2 protein chains.
Amino acid sequence: MQIRDIVMIGAGNLATNLALALSGAGKNIIAVYSRTLANAKTLADQCQAKFTNQIEQLPSTAHLYIIATTDSCIKQLSEKLGDIKGIVVHTSGSIPISVFSDHRKNYGVFYPLMTFSKHSQVSFADIPVCLEASSGRVLIALHLLAKSISKNIVEISSEKRKLLHLSAVFACNFTNVNYSIAEDLLHQNGLSFDLLKPLIIETAHKNVLGNPSENQTGPAYREDYITMHEQMQLLKETPQYKELYELMSKLIITIKHKNDQL
Amino acid sequence: MQIRDIVMIGAGNLATNLALALSGAGKNIIAVYSRTLANAKTLADQCQAKFTNQIEQLPSTAHLYIIATTDSCIKQLSEKLGDIKGIVVHTSGSIPISVFSDHRKNYGVFYPLMTFSKHSQVSFADIPVCLEASSGRVLIALHLLAKSISKNIVEISSEKRKLLHLSAVFACNFTNVNYSIAEDLLHQNGLSFDLLKPLIIETAHKNVLGNPSENQTGPAYREDYITMHEQMQLLKETPQYKELYELMSKLIITIKHKNDQL
């Protein structure tokens, strides 16, 4: 089965980026649902699609229904789709495929491993699209669709997808907190965040070319306790930052010693 | 005063990258010191310089002596340089310029804000070079030198440099730990770290274009306590990772609420 007509359920960051990528690859986004009508309209307008905030009003003829909403709404939205012939997928890293098994026949997971913003469209070409499906037939259909937007397609179980999602939380969301803290420390002291930008890019590139555990540098890695003590003193007014500094430093030393033993 | 002849004291990651950049910009690295003779030789050979592991044997005629060693050795090495005419600088983020004031006349700080590896040479062009000097004359000489390798030169006090260094520890060293943890979680589960590489690059680029506090995404940012609880369960065998997860998540929520009030 070739997927052409698609209904997008959700109009957030992921839904927007995915709908635009699929639309750009020649697929028809025939309708967009969001519980906030204005959001549904904004995305629908970009894909020449219909829009609604009533799930019951969605067309029943699409080949694929993509539920790209908050995790907690997936099951309920799928149930409300009622008796449709098309495949239903969700795009979540954490929700197992079994969320659909008691009420759907053809279903799957279509999880693009990326961080999305509405205001900047990312290129899908290199994004790993992680697939899981209720049958071989559905898997082939999802694979063909994924291939139209990305060259990086992985079949992965619900259990491993959870781990992948967790690792992405460390690599992306927690990294972002470090950037925020760095920005806050600089701004508190009248310094520009721009100063750190070459370092941020180099740190990412270094780890894409090499091995993170071999790229570690800094005071904790050198076990330079004088600098570590002094830096913790600088954080005494921000106890959460200080606590993070201490824990991160301990982790750097633990990982270093573990690798030394290998 | 125009700096041409330079002695490099140290042969580690920073010393290597800086010596090669200066050498590439037409400066003469006339000698390299390292307490490990083989390391001094490796770097000296790349710059057509002499090498030694005896500080007393360094030439006394250089315009500039760059101490690019561990923080704790800077003062002692500078003292051992004895009665030389050239400027003496260190390259540390944390050590104040005053480390030189009781025994030197012309001195300063030449701090390139970057993470260095010996095996990959970085381009200095965009690296912020942070300068501090004992006099206007020394500052001009260091500025001219820095301009030969970078377009990004900043004059910054010892006190602010410490904060800049601390912010770099968060943005680079702590980010690197997150990548290591992500890699460890993936490898433990038979998954490739390659899957995260597009996400790592996008997370860095997003924050170079935008504002970290506005780029935050993920379960903690959405206050999705079900996913957070489940992800902490996945970390129950690695208590340090779990502790970090909990602290990072709390920080994301604190920062989000603080920004909401602005």
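**Entry: ground rules**

I am working with a predicted model, where local features need pLDDT of at least 70, side-chain atom pairs count only at pLDDT 80 or more, and totals for chains, interfaces and linings use all residues. Residues are numbered from 1 along each chain as its sequence is written, chains are lettered from A and ligands numbered from 1 in the order in which they are written, and side-chain values use heavy atoms, with hydrogens and water left out.

**Entry: the interface**

I looked up contacts first (heavy atoms within 4.5 Å). In chain A, 84 residues are in contact with 84 residues of chain B. Next I looked up buried area, the accessible area (1.4 Å probe) that two parts lose on being put together, summed over both. Chains A and B bury about 8,400 Å² between them. Carbon and sulfur atoms hold 68% of that area. I then asked which three residues of chain A supply more of its buried area than any other three. They are A:F170, A:L195 and A:L199, with 8% of what chain A buries against chain B.

I turned to polar contacts (a pair of N or O atoms within 3.5 Å; within protein, one must be able to donate a hydrogen and the other to accept it, and residues adjacent in sequence count only if both atoms are side-chain atoms). Across the interface I find 28 residue pairs in polar contact, both residues at pLDDT 80 or more.

Which elements of chain A give two or more residues to the side that touches chain B? I noted α5 (158-188), α6 (197-209), α7 (225-234) and α8 (239-261). Helices here are DSSP runs (H or I, at least four residues), as are strands (E, at least two), numbered from the N terminus. The largest share, 26 residues, comes from α5(A).

**Entry: A:F170 again**

Buried means under 20% relative accessible area, exposed over 50%, partly exposed in between (1.4 Å probe, protein chains only). This core has 196 residues, and A:F170 and B:F170 touch the most other members. Leaving out residues up to four places away in sequence, A:F170 touches residues including A:T175, B:I181, B:L185, B:Y241 and B:Y245.

**Entry: salt bridges**

A salt bridge is a side-chain nitrogen of Lys or Arg within 4 Å of a carboxyl oxygen of Asp or Glu. In one of them, A:D184 meets B:K258 at 3.7 Å, N to O.

B:K162 and A:E230 also pair, at 2.3 Å. This pair crosses between chains, from helix α5 of chain B to helix α7 of chain A.

B:K75 sits in helix α3 (residues 74-80), and B:D102 lies in the loop between β5 (87-90) and β6 (107-112), 27 residues apart. B:K75 is partly exposed at 30%, whereas B:D102 is exposed at 57%. In chain A, salt bridges that share partners join A:K75, A:E79 and A:D102 into one network.

Last, I noted A:R4 with A:D5, the closest N and O atoms being 3.1 Å apart. A:R4 is partly exposed at 45%, and A:D5 is buried at 13%.

Methods
Core = buried A, V, L, I, M, F, W, Y, C linked by side-chain atoms within 4.5 Å.
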